[in-house]
Protein chains: 4
Amino acid sequence: MSNELRSTELRIAVLGVGMMGADHVRRITGAIAGARVAVINDYDSSKAEALAATIPGCRVVGDPIDAIADPDVDAVLLATPGPTHEKQLLACIEHGKPVMCEKPLTTDVETSLAVVKAEAELGKKLIQVGFMRRFDTEYEQLKALIVAGELGRPLVVHCAHRNPAVPPHFDSAMIVKDSLVHEVDVTRFLLDEEITSVQIIKPSANPAAPQGLADPQIALFSTESGKHVDAEVFVTTGVAYEVRTEVVGELGSAMIGLDVGLVRKTAPGTWGGQITPSFVERFGQAYDSEIQRWVDAVVAGAETGNYIDGPGAWDGYAAAAVCAAGVKSLESGERVAVDMVQRSSIAGA
Amino acid sequence: MSNELRSTELRIAVLGVGMMGADHVRRITGAIAGARVAVINDYDSSKAEALAATIPGCRVVGDPIDAIADPDVDAVLLATPGPTHEKQLLACIEHGKPVMCEKPLTTDVETSLAVVKAEAELGKKLIQVGFMRRFDTEYEQLKALIVAGELGRPLVVHCAHRNPAVPPHFDSAMIVKDSLVHEVDVTRFLLDEEITSVQIIKPSANPAAPQGLADPQIALFSTESGKHVDAEVFVTTGVAYEVRTEVVGELGSAMIGLDVGLVRKTAPGTWGGQITPSFVERFGQAYDSEIQRWVDAVVAGAETGNYIDGPGAWDGYAAAAVCAAGVKSLESGERVAVDMVQRSSIAGA
Amino acid sequence: MSNELRSTELRIAVLGVGMMGADHVRRITGAIAGARVAVINDYDSSKAEALAATIPGCRVVGDPIDAIADPDVDAVLLATPGPTHEKQLLACIEHGKPVMCEKPLTTDVETSLAVVKAEAELGKKLIQVGFMRRFDTEYEQLKALIVAGELGRPLVVHCAHRNPAVPPHFDSAMIVKDSLVHEVDVTRFLLDEEITSVQIIKPSANPAAPQGLADPQIALFSTESGKHVDAEVFVTTGVAYEVRTEVVGELGSAMIGLDVGLVRKTAPGTWGGQITPSFVERFGQAYDSEIQRWVDAVVAGAETGNYIDGPGAWDGYAAAAVCAAGVKSLESGERVAVDMVQRSSIAGA
Amino acid sequence: MSNELRSTELRIAVLGVGMMGADHVRRITGAIAGARVAVINDYDSSKAEALAATIPGCRVVGDPIDAIADPDVDAVLLATPGPTHEKQLLACIEHGKPVMCEKPLTTDVETSLAVVKAEAELGKKLIQVGFMRRFDTEYEQLKALIVAGELGRPLVVHCAHRNPAVPPHFDSAMIVKDSLVHEVDVTRFLLDEEITSVQIIKPSANPAAPQGLADPQIALFSTESGKHVDAEVFVTTGVAYEVRTEVVGELGSAMIGLDVGLVRKTAPGTWGGQITPSFVERFGQAYDSEIQRWVDAVVAGAETGNYIDGPGAWDGYAAAAVCAAGVKSLESGERVAVDMVQRSSIAGA
């Protein structure tokens, strides 16, 4: 990519702007630093046009392979239907374009292997697959705990993956390929070894599930070194989205997804988690949101005249007045009235 | 600001690049979409130069007022020492530049009021103050609960604010002005009314606190409508960073900061919180991190040849192989061995 | 007391069988080993008669002082109205009878002091006051943590005491004398020093509270060594019964009453509690209930012919059959069908 | 049993006073109302004599069948080794004595069935088996939730059963028969149907487990109606005692054993539990302990002169003094000093 481009922003082509792809377009445009959506492609060209029109400097390219090959595209985000992935991934390899591919890599084992081989022949890793749980803070903490040896050697992993509902076309095999596949990657990520056998148990089905859907399912994995993993996948709970993973090791266990952060149980027989060590971890998200929303407000303010999205000067003044009273009370120990002007006495405050 | 600029990025001048300012520079550069650091100013010009050199298109301006006035600066982020704020804020108002001002607004009540009045005369809100807790997810949830009336009318607020340690120069009044000030803003934010009196109680001090430091302190606030707020501020706990707020209302109470998300206690006598409704909320952070880190890896890869920071094609293939076995087991109910090639058989995979 | 009596059971006179006293009668009769209710007294003699008739070997004594003096009474449980306590306690001292006195000791400071002095003159401690929180497992754990020095020197205590509702005659002073009094004793129990000053803050009242009731109230205590205690008492929450106490010490803090057992926050920045060390602690209550309910069932069974209140022989057989299959599967690793007869094939099983 | 006996106490023969039996002797003597240990039997007669000597009115009977047949024995508690159970249970049936039998019922399926048939022929249920979890508060709550239909039809149950360590003689089959047997009964109790197949999975063993011990083990149960149950049993964790059960139903899930009481996840996507409705539930244990310990102190006090085990008259006086100051402050809103005499001024207080 050109020096000029690198000094500004990565130009990404997003292929496929259905729910997932459109979400990534919004993400790159509104939340990701150092990148922008330069090209959009979708088999529904009017949808592509409509979305591109909302993004400065973004255009539509009608053919996905042309979009990949485009000299003004530095990298590709693939959110097209699975059956098109093989051809598009091979094109990315051919043109040397880094590609972020939403799962699945391809729709069957053979074509997945072909893609692996094509990339291996190139001798350069260009393909990333969208197993996003590896980037989730709780999974990262759990992995770090294992790597640090704090649970000892992992022995057993228990997973639960629950959705309130699924679309009408969801069938029993999709529970394996679309839902369980996340537990497959979580297992491989946490244990760092391959899965060698699988067994799916079908308990009597949820009466509320669509006729014929084997839901819930219990999956049992064995790994190369004989570790046991079980995963409940239940996609018609009617409740909410729940993802839970527990690793049981020789020195203790840890669980995430309990709505209470990572909870670890280790000798001497204690349970609990870590308190945030400093304001950086506790309020990092708040600082990011504060500045992002301020930037958005300022940009919008060029037209509306409202340049703030948060506490203003009055709030700073009020805090100063209260703290001044506080410092006085610190000396006397007595209750001190706060001395403030009436806000209404200042027109426009 | 020019049309061209608006179509790309907001150009921000960061004034003061101590710990807080430098952190904001990193934030704007690496995590905030739609903005870039165009100008850096610091009274220590070599520090400013060193930081600016790491940011494409960023330059140093030696005088803070010049930086504010610079025609290629769209907005200002003020992270300079408090005593300089008044003059710099007035300059922002004079030049019509939106400004994000780290707390405090100014160092005393009179100058804070002067700034409020100057902005009011302009008739346009340009100044935002860095009370970042208002952007924290848990505080936003707590505020939303109050606004929705789910706790009824708030009656009492309990706050705790604990730091493991503070720098040597921290004195008793700074506990009020630097630490308690956050509880001041939280109170005003949550209750939406002004504080009318303050009382500071000094229990016998923590033996581990520096000689002469009144720590912990208990602050009592009364508000316009007679609500009671108490806040424990304890900055030498030796433990970790803990911020807790509980609102007790006529219909129930809710607490944040317990390491378990927002916990709400309401009739019919239940405690608990909300399960994440969908993967969007549960894994939004993971998607953001996934794409940001991929973008960073691709940009860095132009030089290193490593374009991925996460699961690669092999991981996609392995998942496909396991799921294929899973689908077979779904039919048979039996254990099915996973059929995979050896990774080592493919050079470069 | 006679040797014969000691070898069997303590004979208790219960004075006052309103809600609290009647509850104690049930407790002594059905849950306390080594004691029985020998005498009941109440100003409403028909109520006393009705209750005594349900208890083997229990009789009514019409005058409370006679009941105390009765030679077949070894000890006294006082659950009469507060204004009668002074005279009855002095009678217990006179007759050398141990007495368990529901709070308050007496209804004012002077008479309380008189009772203290009378007992001191006797030179033998006969009077116990019904501050039952000292016997609550969580308070015992919190006290043990403090005594063991694990929180360092306690500095601050926060209490909350919430009731869903109170009877119509409850007035603002009763919130102090009937509700806050528990926090008074908790403070003295945990800190092991006297309270030297009290301040009651009345925030604007809960709109749902009866007209004129100052509810909630915030109490502030200072202790001899300058420790600070605050307590929110709120008796018309409409939610449930909540009692929470947090002790903040120089080495960390611990809280009880969060519905999650004792939670402790100490260096190195961790939160959590203790996992039950063995089945003895985990299921001690279950063993007690199991045996108590079995005893009750056997006693009742003399008339009904039903001698069990729990799992029976069939449940033992079924467990044996499943475990036999389990042991076979342990060897083979395969699924093993459980071999059991049909329950219906055995008439009466 | 005689009328006289019924009006006082159930006379129990405890057979076998090893760890479990001796614990039951202590329980009946010190915590169970309405019963006493009348007879002790153990193959080690000196152990039996030593224990009996500590219990008023208790004697040793040398032969277990004689103890069962003894006319002054109303009921039997069997804590002898499993191989003797069959003969002793049949004797209980023969003599019509209710019997509480520690698990296992007998040591194999055939003899268990024989016992079931013998009791069925008698036409009267005399035998209770010691599956004590059915009496645990959390299991009772979980069962109640299921029975009330609040989780809908149960579909899947997940269990975990972890011990820190086991005695040296513990072998792989004992993990099934001694540990997993509890999950067998929990399954049958919660689901109210029989288990029809079992599969035991042996992951690679915990390196810290004794050589040859297959630990952990994963058990899979299917039930009559096709429900799935999995149970991890892991008896060498080195951590603590953990027992966890989760029931996943068509309307939601509930888990116990998380150290936070029962946690329920149901629509509309909430997690949490119930707050204790009143002081009766919150402090019931405290009241029981208070009175039991007071009874024990009074009984012991006949010799030591110390009749209280808890707060005394001074504590009642101190509370009165603090509350008097509180009532004054309630009126004035000001801090009021507590007016108390010095404790040391009253000799003996």
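Mentor: A salt bridge here is a side-chain nitrogen of Lys or Arg within 4 Å of a carboxyl oxygen of Asp or Glu. Please bear in mind that this is a predicted model.

Trainee: How many salt bridges are there between chain B and chain A?

Mentor: One of the pairs is formed by A:Arg134 and B:Asp315. Their closest N and O atoms are 3.4 Å apart, and the cut-off is 4 Å. The count between chain B and chain A is 12 salt bridges.

Trainee: Which helix gives the largest share of the side of chain B that touches chain A?

Mentor: That side divides by residue type into 79 nonpolar, 30 polar and 31 charged. The largest share of it, 19 residues, comes from residues 279–304 of chain B, which form helix H9.

Trainee: Which three residues of chain B lose the most area to chain A?

Mentor: Chain B and chain A bury about 12000 Å² between them, with 68% of it on carbon and sulfur atoms. Of what the chain B side buries, three residues together account for 7%. They are B:Phe135, B:Trp294 and B:Leu330.

Trainee: Which residue of chain B stands opposite A:Ala337?

Mentor: Strand E15 of chain A, residues 336–337, pairs with strand E8 of chain B, residues 195–201. The pairing is antiparallel and runs over two bridges. Within E8(B), the residue opposite A:Ala337 is B:Ser197.

Trainee: Turning to chain C and chain D, which residue of chain C forms a salt bridge with D:Glu140?

Mentor: Between chain C and chain D the count is 12 salt bridges. In the one that involves D:Glu140, the closest N and O atoms are 2.7 Å apart. The partner is C:Arg293.

Trainee: Within chain A, which are the edge strands of the open sheet of six strands?

Mentor: The six strands lie in the order E3-E2-E1-E4-E5-E6, and their pairing is parallel. An edge strand pairs on one side only. In chain A the edge strands are E3 (59–60) and E6 (127–129).

Trainee: What is the bridge partner of A:Met100 in E6(A)?

Mentor: Strand E5 of chain A covers residues 99–101 and pairs with E6(A) over three bridges, in the parallel sense. The partner of A:Met100 is A:Gln128.

Notes
Residues are numbered from 1 along each chain as its sequence is written. Chains are lettered from A and ligands numbered from 1 in the order in which they are written. This is a predicted model: local features need pLDDT of at least 70, side-chain atom pairs count only at pLDDT 80 or more; totals for chains, interfaces and linings use all residues. Side-chain values use heavy atoms; hydrogens and water are left out. Two strands pair if DSSP finds at least two bridges between them. Helices (H or I, at least four residues) and strands (E, at least two) are DSSP runs, numbered from the N terminus. Buried area is the accessible area (1.4 Å probe) that two parts lose on being put together, summed over both. Ala, Val, Leu, Ile, Met, Phe, Trp, Tyr, Cys and Pro count as nonpolar, Asp, Glu, Lys and Arg as charged, and the others, Gly among them, as polar.
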